[in-house]
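The sequence and structure are shown first.

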Amino acid sequence: MDSNNIMIQVKDLRKEFKKAVKEPGLKGSFKALFSPKYEVVKAVDGISFDVHRGEIIGFIGPNGAGKSTVIKMLTGILTPTSGECRIDGRIPTKNRKEYVKEIGVVFGQRTQLWWDLALRETYMVLKEIYEIPDDKYQARMTFLNEVLELDGFITSPVRTLSLGQRMRADIAAALLHDPKVLFLDEPTIGLDVVVKDSIRKAIQKISAESGTTVILTTHDLEDIELLCERIVMVDKGKKVFDGDLSELKRRFGQMRELNFELKNIDDSEKLCYKDDFNFSDDDLTLDIKGTSVNVRFNSDTVSVEDMLSYTLKRVHVKDINVKDADIEEIIRRLYLGGGMLSD
Amino acid sequence: MMKYLKLHTIFIKQDLKKLMEYKVDFLLGAVGFVLTQAVQILCLGIIFAAIPALCYTENGVVVDSWTFHEVLFIYGFSLIPKGIDHLLFDNLWGLGYWIVDKGDFDKYLTRPVNSWFYVLCEKFCVDAFGDLIVGIALIIYSLCAMPSDIAGAINWLRVIPVLVVMPFAIMIFTSIKTATAAISFWTKRSGHITHMCYMTNEFAKYPTKIYNTVVKTLITYILPFALTAYYPAIYILRGESFWSLPVTIFVSLTLFGISQLIWHRGISAYESAGS
C-alpha cells in the first residue's frame, strides 16, 4: 500500500464515557447525589482502519454501535480516550482550527446552517469563516449550484426550507471550501426517494470531480449499494467487517430466498424444513401467508438443489423462484449476529 | 482579528434585521425590562423620600453617606458595562442552558475559528438596548437633578481613566459567564450556576460599603462586580477609590485567563450528544 495514498488512518481508537449509575426512584437519586457511582461505557473499543484518497466508504452498524462517536472523533469534536486518528497526517484535536479547514461535515439530524439567515448569506458567512478568495468562491458556488440545484431556494431563510432542500444546502455548505474529506452522517435520513436519488448522484459527482474522500454513515442500504466502494461495519464499538460489497456478499451472502404459490392451501403442513434438514434458528425463516410461501435459508447448510427437490416432491406449486441474497438480508443477519463475526 | 470583526458585523446586521421582523417580541421585552427597572428605581425613591441620605456608620458614627442622586448615578452607571456585555456576548447563556446539553456545540468545533469567539459573535442581543437606555437616562437625570455643590465638584477628566478601564469591566461580566457556562462541558447544563453568579451583580448597583464583610469580599474580589459599578462610579463622582481602576484591569485579566483555561479544558471533556 502506498502510504501517500492514505487519507485517513485510524489506529486502535477508543472512546470511553463515564456514565452515572443511579438506582431507581427518588431515594436512588439522593444516593447518587452524595456518593455517585460511575460505570465506564466503551463506546468505541479499539477500531483501526485506513481510507484511501478519493475513496467513498460506507460506515455502517446498528444504532448505538459507535459510528457517530468515531465520526465525531475524526472530525475533532470528541477527544479520543486512547488510540490515534490522522487525517492527511493531521491529528484532529491538535491544532483544530487548521485541521477543520481540510474537512467538511454534515450531520443529517442537525443542521449547521444559521436558522434565520437567508441561504445566500449563510454561504457569505462561510466564505468569511474559511477565508475563501472571491474568484474561487464564485467558481465553487457555480459548481455546487449545478450539482445540488440550489437556485430555487438560495434567497430563502434556512428555517423555511424543506428537509430535502435543507440537506442539499447543508451538503453545499460543507463543500464550499473544497475539503479533502467529507463526513456525511446519515445524509439521506427522512428524505423521499427522488431527493435521495439526487443527493446520491451529487455525492458521486462531487467525489469524481473534486477527488473528495467521503465517509458516509447510513441506515439506508441503497446508499451503500449505490455509493460505497467499501464498507466498514462496526458493532458494540468494534469493527466486524471491512471490505467491498462483493466480499460482503461472498462472505455472508449464503442466504437464498425461495418463493412459491401452493396449489393446495392445506399442503403447507407438509413443509417441515427445519426438522427435516436440522436448520438452526439463524439459518431459516419460514413465512406462510395463505398460499404464498417465503423461505429464507442458508445455502451453506443445505444446497439450493436439495431445497428445491424437497419442496417439489412434497407439494404442488404454481410458481417458484429462487432469489439471491440481497444486501438488506446480509446486514440484518450481521446486525443480529453481532460480534461473533469479527475477523 | 479582522475575520472576527467581519463575522460579528454580519451577525449584528442579521439580528437587527430580525428585530424588524419580530417587532412585537422586541417591544414586549423592552417594556418588560423598563418596567422592572422602573419598579426598582421607584423603591429607591420611596426609601429616599423617608430618609435624607444613605449612611454607613461605624460604632454609631456616620462614616460615609450617599444622596439619592448619587445612588441613582451609581445604579445607572452599573447598567453600562453590564448592558454592553449583554448586547455583544449574550450567546454564552445559551451554552449553559441548551447548546451543550443538546449536542449543538458540535457545529462550533467543525469550523476553523476559535470556538469561544464563534459562540460570542453569533448573537447580537438587541434586548440589551433596554439596559443601556435606562442606564444612560439615569446617569443624565441624576447629574442634572443633583444639588449644584455636588455636581459642581465633579472633575470631568476622571471620565477618561474610567473609559480606559471600561473594556476590562465588561470583560469581568464576559469572563464570569464564560467560566460558568463552560462548566456545562462536564455537567451538560450549567445555566443556573451562571444565573446565580450573574445575579450577584445586583449588589453592585449600591454603595459597596453598606454591605457586611462577606458580601463586600464577594463582590470585590471573587465575583468582582463592584469593580464594574460602585468603584468607577464613585471615582467619577468624588475622585475616591482610584486604586480600584488598576485593580480592575488586573482582576479582569486574571479572570479572563481562568475562564479561557476552563473553556479549553472543557472542550476536551465535551461529550456531544447521541444522534
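## Conventions

Helices (H or I, at least four residues) and strands (E, at least two) are DSSP runs, numbered from the N terminus. On this basis A:Ile224 lies in helix H8 (residues 221–227) of chain A.

The model is predicted: local features need pLDDT of at least 70, side-chain atom pairs count only at pLDDT 80 or more, and totals for chains, interfaces and linings use all residues. Residues are numbered from 1 along each chain as its sequence is written, while chains are lettered from A and ligands numbered from 1 in the order in which they are written.

## Overall organisation of chain A

Chain A contains twelve helices and 13 strands. Taken along the principal axes, its C-alpha atoms fill a box of roughly 75 × 60 × 50 Å. The domain assignment, where bounds come from an automatic or database assignment, gives domain 1 (3–249) and domain 2 (254–324). The C-alpha centres of these two domains of chain A lie 42 Å apart.

A residue is called buried if 20 or more other C-beta atoms lie within 10 Å of its own, exposed if 12 or fewer, and partly exposed in between, with C-beta atoms placed from the backbone. Of the 343 residues in chain A, 33% are buried. A:Ile224 is buried because 23 other C-beta atoms lie within 10 Å. Its C-alpha atom is separated by 29 Å from that of A:Tyr123, 101 residues apart along the chain. Two residues are in contact if their C-beta atoms, placed from the backbone, lie within 7 Å. Among the contacts in chain A with a separation of 6 or more, 74% join residues 24 or more positions apart.

## The side of chain A that touches chain B

The contact between the chains takes 26 residues from chain A and 18 residues from chain B. On chain A, at least two residues each come from helix H2 (67–74), helix H3 (96–99), strand E5 (103–107) and helix H4 (119–130). The largest share, four residues, comes from H4(A). The residues on this side of chain A divide into ten nonpolar, six polar and ten charged. Here Ala, Val, Leu, Ile, Met, Phe, Trp, Tyr, Cys and Pro count as nonpolar, Asp, Glu, Lys and Arg as charged, and the others, Gly among them, as polar.

## Helix H4 of chain A

The expected span of a helix is 1.5 Å times one less than its number of residues. For the twelve residues of H4(A) this gives 16 Å, which agrees with the 16 Å between its end C-alpha atoms. Buried in H4(A) are A:Leu119, A:Thr122, A:Tyr123, A:Val125, A:Leu126 and A:Ile129. Seen down the axis, the buried residues of H4(A) fall within an arc of 155 degrees, so they line one face of the helix; the arc is that of the directions from the helix axis to the C-beta atoms. An α-helix has 3.6 residues a turn, so residues three or four places apart point the same way.

The cover over the buried residues of H4(A) includes helix H5 (134–148) and helix H6 (163–175) of chain A, together with helix H1 (2–21) of chain B. Just after H4(A), A:Glu131 takes a positive phi of about 50 degrees.

## Hairpin and backbone angles in chain A

Strand E11 (residues 284–289) and strand E12 (residues 292–298) of chain A run antiparallel and are joined by six bridges; two strands pair if DSSP finds at least two bridges between them. A:Thr285 stands opposite A:Arg296 in E12(A). E11(A) and E12(A) form a hairpin with two residues between them, and A:Gly290 in the turn has a positive phi of about 65 degrees.

Most residues other than glycine have a negative phi. A:Asp12, although not a glycine, has a positive phi of about 45 degrees. A:Asp12 is found in strand E1 (residues 6–21) of chain A and is partly exposed, with 13 other C-beta atoms within 10 Å. A:Asn95, also not a glycine, has a positive phi of about 50 degrees. A:Asn95 is placed in the loop between strand E4 (82–87) and H3 of chain A and is exposed, with 11 other C-beta atoms within 10 Å.

## Features of chain B

Helix H2 (residues 23–50) of chain B has 28 residues, which should span 40 Å at 1.5 Å a residue; its end C-alpha atoms are 41 Å apart, which agrees. H2(B) is hardly covered, as one of its 28 residues is buried.

B:Ser148 is in helix H8 (residues 148–152) of chain B. B:Ser148 counts as exposed because it has 7 C-beta neighbours inside 10 Å. The C-alpha atoms of B:Ser148 and B:Leu42, 106 residues apart along the chain, are separated by 23 Å.
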